[in-house]
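Here are some exercises to work through with the sequence and the 3D view side by side. Try each task yourself before you read its solution.

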Amino acid sequence: MSTPPRAVPYTVLADTAQLRRPDLDERAYRLIRLDHSGLTALVVSDPKTDKAAAALDVHVGHYQDPDDLPGLAHFAEHLSFMGTKKYPRENDYGDYLAKHGGHSNAFTSNSHTNYYFEVHADHLDGALDRFAQFFHAPLFSESCTDRELRAVDSENSKNLQVDLWRLSQLRKSLSDPNHPYHKFGTGNLDTLCTIPAQRGIDVRKALLDFHDKYYSANLMRVVVLGKDPLDTLTQWVVDRFAPVQSTNVPVPADAITAHPWDNKEHNYAGHLVRAKSVKDTKQLVLRWRFPAAYAHWRAKPDSYLSHLVGHEGQGSLLSLLKHKGWATDLSAGAEGVGHAFDFFSVTVVLTESGFAQWHDVVAAVYQYLAVLRQARPLPKWIHDELQVMADIRFRFQELGSVSSWASRMAGLMQKPQVPPELVLAASTLVLDWRPELIEQGLDALLTKDPLVMLTAPAFGESWVPSAKEKWYGTEYSVEKLDTARFDHWRAQTPDVALSLPAPNALLPKNLDVVRHTTKQPHPHLIKNTPLVRCWAQVDDTFFVPRASLAVRFKTPVINASPRHYVLTELLVEYVEDVLNEDSYNAHLAGLSSSISMGPDAVRISLYGFADNLDVLLLKMVDALLDPRKIAAVFDRLHRNKLRRLRNWDLEAPYQHAMFDLHVALEETVWSPTDRRAAIEIVTAADVASHARSWLASGLLVESYLLGNVPSDKYLTWMDAVVTRIQTAVPTILPLTPHQRTARRAVHLPVGNAVASRAVTHAQNVNSAVDWYVQVGPATDYKARVLAGLVVHLAREPAFNMLRTQRQLGYLVFTDVRRQANTVGVRVLVQSEYSPAHVEECIEAFWRDWGRDTLPKIAADEWARHVGVYVDGLLEKPKNLAQVSARMWGAVASDLYDFDSREQMAAIARGVGLAEVVAFVATHLAPSSPGRRKLAVHLVSQVPSKQVPDTDEARVDVTVAMPTVEIVDVVEWKSRQALLPTAMVKL
Ligand SMILES: [Zn+2]
C-alpha cells in the first residue's frame with residue numbers, strides 16, 4: 001500500500017513514541033519539516049485541552065538591526081500585527097482572538113523575535129490562518145507605520161526610569177561599539193523616525209527589506225497545539241505555513257563570533273564602574289568573560305557553577321554575607337547573550353554597610369571561589385544531585401498556559417544540535433557529566449579580572465560622573481582598578497563559615513500517587529471549631545505527587561494601627577529571612593514556600609512534593625511564634641523595609657494610580673508614608689513582644705489542603721500547628737462575630753468623582769489614569785456577570801481605540817476590578833498626554849461604543865460571545881496550583897463561594913444583549929445620571945504632550961453629572977456609605 005502524494009511534501013522528524021516525554025504527559029506529538037522551505041514545526045494534539053495555542057520564533061533580533069535604524073526588529077514585530085494582505089483590517093487578529101476567548105503577545109530579544117497566541121480550541125484554524133499571514137504577507141501600511149511608531153516610543157518611555165532597563169543598557173554600552181551586543185533594541189521616535197527622515201532613509205522600505213531577508217522559513221520554528229487529531233493539525237500547519245519561503249539566510253547569531261570585550265579599547269574587565277540608580281537599590285555586580293555555554297546544552301556546565309555560587313543554604317556565600325550584615329540577596333549565573341560569547345555574573349544586593357565595605361564583599365566572593373578551587377577536582381555527586389532534581393522536574397512537569405508553553409518551545413527548538421527525540425526535554429535535563437567544561441568555567445572566574453559594577457542612588461559628594469549613557473541617561477564613572485587589588489582578592493582563603501553545600505536531605509523519596517477517581521470539585525470542611533477550620537480537597541485530575549497547603553492566621557490586630565501593621569510586616573520578613581537556608585534547599589527539591597500578609601491575616605503557603613511539607617510548615621510556625629534571633633537580623637530587615645517604602649515614591653505612575661484607587665475604596669489603609677513614620681521608631685524588642693501578643697486578641701487558624709495527602713495526616717499537622725500556638729500564647733481567644741465579618745469597601749456615590757495629584761518622581765514623563773465605575777457588591781453575581789460580559793466585549797475595541805488609534809500610550813488595560821466586597825469596571829492608561837485628555841478619550845470610547853457598536857451585535861454573534869465568556873469562567877485549571885488559587889480565593893475573601901464560577905456561568909447563559917446595553921447606559925456611559933464613577937489622575941511634573949489640532953485627535957464629550965473633585969480622600973471617605981457583604985455561616 002502506498003500513501004497518496006502530499007500536496008506540500010514534508011518529512012516527519014519524530015513522533016510521540018520517539019520523544020522523551022514527562023511521565024504524566026498524554027499529548028500526542030509530531031515534529032515535521034517542510035521539504036521545500038525547511039520550516040520546522042512541532043504539532044501537538046491534546047484532546048482534553050480547552051485552549052489551543054500557536055507560536056512562531058524567528059531567529060532574528062535587534063542584534064540584526066541596521067546600524068542606522070536602532071529598534072527596527074522590534075518595530076517589525078509591532079507592525080506584523082497591523083494587517084496583512086488577506087486580512088487588511090489592522091485589528092483583525094486581535095479582534096478575532098478576543099471574540100474567541102483568546103489573546104496574543106510577542107517579544108523581540110537580541111537574537112529572537114517570538115510571536116504567540118492562544119484561543120478557544122474550536123477556533124484554532126481561523127486564528128492560525130490570520131497568524132501565518134504575518135510571516136509571508138504583512139502590509140506594513142504607511143498609516144499604521146506612523147501610528148504604531150508612537151506605541152514603540154511609549155514602550156520605551158515607560159522603561160526610561162526603570163533601573164533594570166537602564167543598567168542593562170549600560171552594560172551593553174560598556175563594550176565594543178561595533179559589536180551587536182552594544183545596540184539599543186527598543187527603538188524610539190528619534191531612531192525610527194526623526195533621524196532617518198533627516199538622513200533620507202525610507203523606514204518602511206527598510207522594514208520590508210528586513211522582513212524579506214530574515215523572515216525566512218529556515219529561521220522559523222513553529223509550535224501548534226490543539227484538541228484536533230494530529231493529522232488534522234499537521235495539515236493545517238502545512239497548508240498555512242507553506243507560503244512562507246526560505247532565502248536560506250544563515251542563522252545570523254552564528255556569525256557573531258567575537259566577544260563584546262574583544263576590542264581592547266572597550267574592554268572594561270578589571271575596571272570599577274559606579275552607576276547612579278533611580279531607586280535606592282545598592283548593588284554589586286561582578287561580571288566575567290565566560291566560555292560560551294550555548295552549545296553545551298547536554299552538560300549545562302554553567303548551571304553547576306551557578307548552583308554553587310548562587311546557593312543560599314548553609315555554608316553558602318549568601319549566608320556568610322547576610323551573617324556579616326552586608327547583603328540581602330544574591331544571584332549568580334551565565335547570561336546567554338550570544339551563541340559564541342557569554343558573561344558570568346554574581347549580583348549582590350547590598351546593605352548600607354555592605355555598600356560601605358564593597359571591597360570586602362568582593363573579597364568574600366573570591367573566598368567562595370577559593371572553596372571551589374580547593375574542592376578540585378570538582379565532585380561528581382553535585383552533578384548527580386542536579387541531574388536527579390532536573391529529572392524529577394521533567395518527569396512531573398505540570399502544564400500551565402498553553403501559549404507560554406508554545407512560545408518557550410518555539411524558542412528552544414532553535415538550538416540546532418538538539419536531536420528530535422529530545423526536543424521536549426533538552427532544556428530541562430542534565431544529560432552529561434563534563435567536568436572539563438566546568439573546570440574551564442571555574443578557571444575563567446579564578447584567573448580573569450571581572451568588571452566590578454556598583455550601583456547606588458548616590459556615591460558621596462566628591463563623586464563626579466564622567467559619562468552619561470546615551471539611551472537612558474544613566475550617569476556613571478569608570479576607573480581602572482589596580483592589578484594588585486585583584487591579586488589580593490585572588491589570594492583569599494575561605495572564611496571558616498564557607499563550604500560546599502551538604503547533600504540535599506529534602507529531595508523527595510516518595511513519588512507515589514494515589515489516583516482518586518471520584519470527582520471532588522470543591523473543598524470539604526473536615527474540621528470546624530471556633531479556633532480552627534480545615535478544608536480538604538483531593539487531586540482528582542492531575543495525579544502528581546504534589547500538594548498545596550495554605551494556612552491563614554486571621555486576626556483584626558494587624559490593621560489596628562500602622563504600628564501593628566509594620567510590626568507584623570517585620571515579623572513576616574523575619575520568618576522568611578531566618579528560614580532561608582531551609583526553604584532554599586526545599587525549593588531546590590521541588591517544594592516552594594512563602595509567607596505573606598494582608599490587612600486581616602498572615603498566610604503561609606507551601607506547594608510541591610508532599611514528602612517534607614510538614615517539616616517546613618512547623619519550622620515556619622515556630623519562627624513566627626518565637627522570633628528568637630530577631631536581635632541579630634533586625635537592623636538589616638529594618639533598613640531594607642524602610643528603603644523599600646521610600647522606593648515606593650519612584651514606582652511607575654500607573655501603579656500609584658492603582659494604589660490611590662485602592663485607598664479611596666478601602667475603609668482603612670495605611671499608606672507607605674504612614675508605615676514609614678511607624679517603622680522609624682520600632683525596635684527588635686517591639687517585634688519580639690508583638691509576636692507574643694498579636695495572636696491573643698482574636699484568632700482563626702484556617703487551612704486548605706489540596707493533593708496527595710491523607711486527611712488524617714493533614715489533621716495531625718494542623719493539630720501540631722495549633723498546639724504550638726496555644727503553648728506560645730496561652731490566653732488565646734477565637735474571633736468574635738464582629739471580627740469574623742468580611743472587609744467592606746466604600747460605596748461610591750452617584751456621580752463623577754476625580755482624585756488628582758502630581759507624580760512623585762519629578763523626571764517621569766508619564767501620567768496615568770485609573771478610571772473606575774462601581775457596579776455592585778461582589779455578592780451580586782448578576783452585576784459581576786454583566787461587568788464581565790462588558791469587559792469581554794469592550795477590551796479589544798478599547799485597546800484598538802485608546803492605544804492603536806489614539807496612541808495614548810503603551811499601557812492600556814480594561815478589566816473587571818474586585819476589591820474587598822466590591823466589583824466594578826476599570827480602564828487603566830499610562831500616557832504622556834494629560835490625564836484630562838486621556839479621561840476624555842475613555843469617556844468618548846464608552847459613549848461611542850455603547851451607542852454605536854454594542855447594540856448592533858447580531859443574535860447569533862451574541863450567543864457566541866456569551867458562549868466564549870462562559871467558557872472562560874469554566875476554563876479547566878491547568879495544574880494543581882490553579883485549582884488551589886481559585887478555591888483559596890473563596891476562603892480568603894470570607895465568602896466561601898467555591899462554586900461562584902458555575903453560578904455565574906448559569907446566570908450568563910440567560911443574559912440577553914438588551915440587558916448589557918442597558919447596563920452600559922446605566923453604569924458606564926458618560927450620559928448616565930446614575931453611574932458611580934471615580935477617576936484617579938496622576939499628573940506628570942514634566943509638561944504633557946500636546947494633542948494635535950486635527951479632527952481625528954480632538955475629543956468632545958458631555959458628561960451628564962457634575963464632577964466632584966476629591967481634595968482629601970480620607971475626609972471624603974468619612975462621608976460615604978459602605979457596601980453590604982454577606983456573613984457566611986459554616
Ligand atoms: Zn514592543
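**Exercise 1: An annotated stretch**

Task: Find the span that UniProt annotates as "domain: Coenzyme PQQ synthesis protein F-like C-terminal lobe" and describe its make-up.

Solution: Before starting, note that this is a predicted model, where local features need pLDDT of at least 70, side-chain atom pairs count only at pLDDT 80 or more, and totals for chains, interfaces and linings use all residues. Residues are numbered from 1 along each chain as its sequence is written, and side-chain values use heavy atoms, leaving out hydrogens and water.

Step 1. The UniProt record, an unreviewed entry, places this annotation on residues 789-888 (positions follow the numbering used here, feature names are shortened, and annotations may be inferred rather than shown by experiment).

**Exercise 2: A tryptophan in a helix**

Task: Is Trp846 buried or exposed?

Solution: Step 1. Locate Trp846 in helix α27, residues 835-853.

Step 2. Trp846 counts as buried because its relative accessibility is 0% (buried means under 20% relative accessible area, exposed over 50%, partly exposed in between, with a 1.4 Å probe and protein chains only).

Step 3. Look for its contacts, meaning heavy atoms within 4.5 Å. Leaving aside neighbours within four places in sequence, the partners of Trp846 include Trp771, Val790, Leu924 and Pro926.

Step 4. Now jump to Trp463: it lies 383 residues from Trp846 in sequence and 53 Å away in space, C-alpha to C-alpha.

**Exercise 3: An open sheet**

Task: What is the order of the 7 strands in the open sheet?

Solution: Step 1. The order is β10-β11-β9-β12-β8-β14-β13, with mixed pairing (two strands pair if DSSP finds at least two bridges between them).

Step 1. At the edges are β10 (327-335) and β13 (467-468), each pairing on one side only.

Step 2. Inside the order, β9 (residues 283-290) and β11 (residues 342-350) pair in the antiparallel sense over 8 bridges. There, Arg289 stands opposite Phe343 in β11.

Key. Helices (H or I, at least four residues) and strands (E, at least two) are DSSP runs, numbered from the N terminus.
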